[in-house]
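Hi everyone, thanks for coming.

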Protein chains: 2
Amino acid sequence: MGASHINIALADFSAKIVEETSHPFDIKQGPQVCLAEASRILHELLNHYGINIAQLMAVGVGVPGPVVTDAGMVVSPPIMPGWDGFPIRKSLEKEWGLPVSLNNDADLGALGEWAYGAGRGEKNLAFIKVGSGIGAGLIINQQIYGGTTGSAGEIGHLTIDENGPLCSCGNRGCMEAFAGGHAIALQARKLVESGKRTLLSNIPTENLTAEDVAKAARRGDLPSQEIIMRAGTFIGIAIAGLVNLFNPGAVIIGGGVAQVGDLLTTSIRKAVRERSLRASEQSVRITTAMLGQRSSLMGATVQAINIAIHDAVERKKPDSKTEFSAKLNQAAPT
Amino acid sequence: MGASHINIALADFSAKIVEETSHPFDIKQGPQVCLAEASRILHELLNHYGINIAQLMAVGVGVPGPVVTDAGMVVSPPIMPGWDGFPIRKSLEKEWGLPVSLNNDADLGALGEWAYGAGRGEKNLAFIKVGSGIGAGLIINQQIYGGTTGSAGEIGHLTIDENGPLCSCGNRGCMEAFAGGHAIALQARKLVESGKRTLLSNIPTENLTAEDVAKAARRGDLPSQEIIMRAGTFIGIAIAGLVNLFNPGAVIIGGGVAQVGDLLTTSIRKAVRERSLRASEQSVRITTAMLGQRSSLMGATVQAINIAIHDAVERKKPDSKTEFSAKLNQAAPT
């Protein structure tokens, strides 16, 4: 579940996605409405595929907020009003009669890229999700590291300049206030209003988004490229901090704005090279997500497989895995 | 081994320190001179205590540089010229005929405080060593986290202000350039030269150190207190970044300058409260090291006990632990 979209995938035990769907979605409508909507879309997908929910082994769920994994809920989620403390996992387990896992979406992005993408083989890595907000998921010793209360990875709120612009979190000079989607859109509006020659002047200023800037940059619009590169520098300064603190083997840039590709990663790499200590800088790969927009979805798949296996072992059904694959294969339209 | 002192402790298997010694030491003299000196002091201590080196089970060693644990050496250590790539652990194991562990001193500080100090019971914590440089040791999932190449925890080089003062690492606006011992001493010199009324004017400006400022602050000197509090604010901004990224259960402030106590921790706490996201800020304890200057020494003791047990198990000597305690008790002067 994202802020504005819900993506659901049906996968087998080899993590092959056999069916996938994406729908507009408003996480601000709260748990009752959203979980009912998620259920409806899941059942639609299953019906289309001709299988019954009882044939599923487990569901992996991701949300854009800090998750307390053991409790299966989010705590003080900034962009999920009404969800604070709601028993998401228990509620879905009850409704679906299946084991459910709940994780933060950036954490799942890190897991997805680690298992099937740009982070394969790394022991420690960070996945940076660049969207309207900027968050990180961390893999430490080959596992999701969520921190003490599930709110690790808030790289967007590292102070870059203590006298910098005001951030949505209430502080000044956070990285997100320089380089998040909102900040990029704001700079684009200022650019257009300044009367400079830019592709962006074709779009009504009030509608301008970071995605528009990314698109224009890809089409060769120099002022848009400058905005993206400047954002990359600020993201890079914060990543340099993360690299100095955490000495990861890889930093993987994902999320919507990251789709702009080389332009962003090049300026990120430059800032990290300039601002990290040599030992850590030389041992870190900085790269774009290999799974594109699918990083978190693949992470949710990994989690679903993990809990399905765990559940099967717990129930002493050593053949459940095979059974499920057989079920799914039987159910597959040929 | 520190930059300017070597501390050696003799401990039993309950981590009780039975003998302890501290000597001036210059790590810049390189591995040959320093390791010979360490050996000499160790043998002196053992002679004084009336036991033979063969009666020891293991030695835990700490150094002020980034350690690659598996290799038992430091890599690109900024304040250990001549040590880069020298096989410290192997060389000591050969000389002493004992299993030796090698770790970074801030990592050992974190381990010491976690096992016997202010961090007991925490799953994840950071130990901040405030001295001429400022580094952090991290405990993640109840283990030292050294990062991919042993250089995690470099909190002193987080960018606080990208246009700030030049740091020893070559970048601008690092936290250490605002709040490290050198920066504090520099501010003290400027203070005295400004002619302001301060206890520090009794000391020749060229000799002024951060310790002098800490002492004067403890004696109630307001301008010195202001310098310490300002340093605390910058340290706090960087710790807020660490808290946002790692969501630890505790942050423990140690090292020489930290001995000034409440004044420093109060301003650190204030900055962290202001600049961390609520969920992480509310779940973190910020406190002073409980073991004072002994945090790293206790961490080295933990490591020595760990490898002694590991070694005993490897050699299939299940009674070694008891044997050693018996030996040590026999050797103890009564």
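Predicted model: local features only at pLDDT ≥ 70, side-chain atom pairs only at ≥ 80, totals over all residues.

Residues are numbered from 1 along each chain as its sequence is written, while chains are lettered from A and ligands numbered from 1 in the order in which they are written.

Back to the helix itself. H7 of chain B covers residues 222-246, 25 residues in total; helices here are DSSP runs of H or I with at least four residues, strands are runs of E with at least two, and both are numbered from the N terminus. From first C-alpha to last, H7(B) reaches 35 Å, close to the 36 Å expected at 1.5 Å a residue, where the expected span is 1.5 Å times one less than the number of residues. Is H7(B) buried or exposed? Of its 25 residues, 20 are buried, so H7(B) is largely enclosed by the rest of the structure. Buried means 20 or more other C-beta atoms within 10 Å of a residue's own, exposed means 12 or fewer, and partly exposed is in between, with C-beta atoms placed from the backbone.

H7(B) also matters for our next stop, the two chains together. Here 40 residues of chain B are in contact with 40 residues of chain A, contact meaning C-beta atoms, placed from the backbone, within 7 Å. Which elements of chain B give two or more residues to that side? They are H7, helix H8 (262-275) and helix H9 (278-282), and H7(B) has the largest share, 7 residues. By class, this side of chain B has 17 nonpolar, 16 polar and 7 charged residues; Ala, Val, Leu, Ile, Met, Phe, Trp, Tyr, Cys and Pro count as nonpolar, Asp, Glu, Lys and Arg as charged, and the others, Gly among them, as polar.

Now please find B:Ile155, in the loop between strand E9 (143-145) and helix H4 (175-179) of chain B. B:Ile155 is buried, with 27 other C-beta atoms within 10 Å. Leaving aside neighbours within four places in sequence, its contacts include A:Leu245 from the other chain, as well as B:Ala238 and B:Leu242.

Back to phi for a moment. Most residues other than glycine have a negative phi. B:Ala15, though not a glycine, has a positive phi of about 65 degrees. B:Ala15 sits in the loop between strand E1 (5-11) and strand E2 (17-24) of chain B, and is partly exposed, with 15 other C-beta atoms within 10 Å. B:Asn141 is not a glycine either, and has a positive phi of about 50 degrees. This one is found in the loop between strand E8 (134-140) and E9 of chain B, and counts as exposed, with 11 C-beta neighbours inside 10 Å.

Last, a quick look at chain A. Its secondary structure comes to 11 helices and 11 strands. Buried residues make up 51% of its 334 residues, and its C-alpha atoms fill a box of roughly 60 × 45 × 40 Å, taken along the principal axes.

Thanks, everyone, and I'm happy to take questions.
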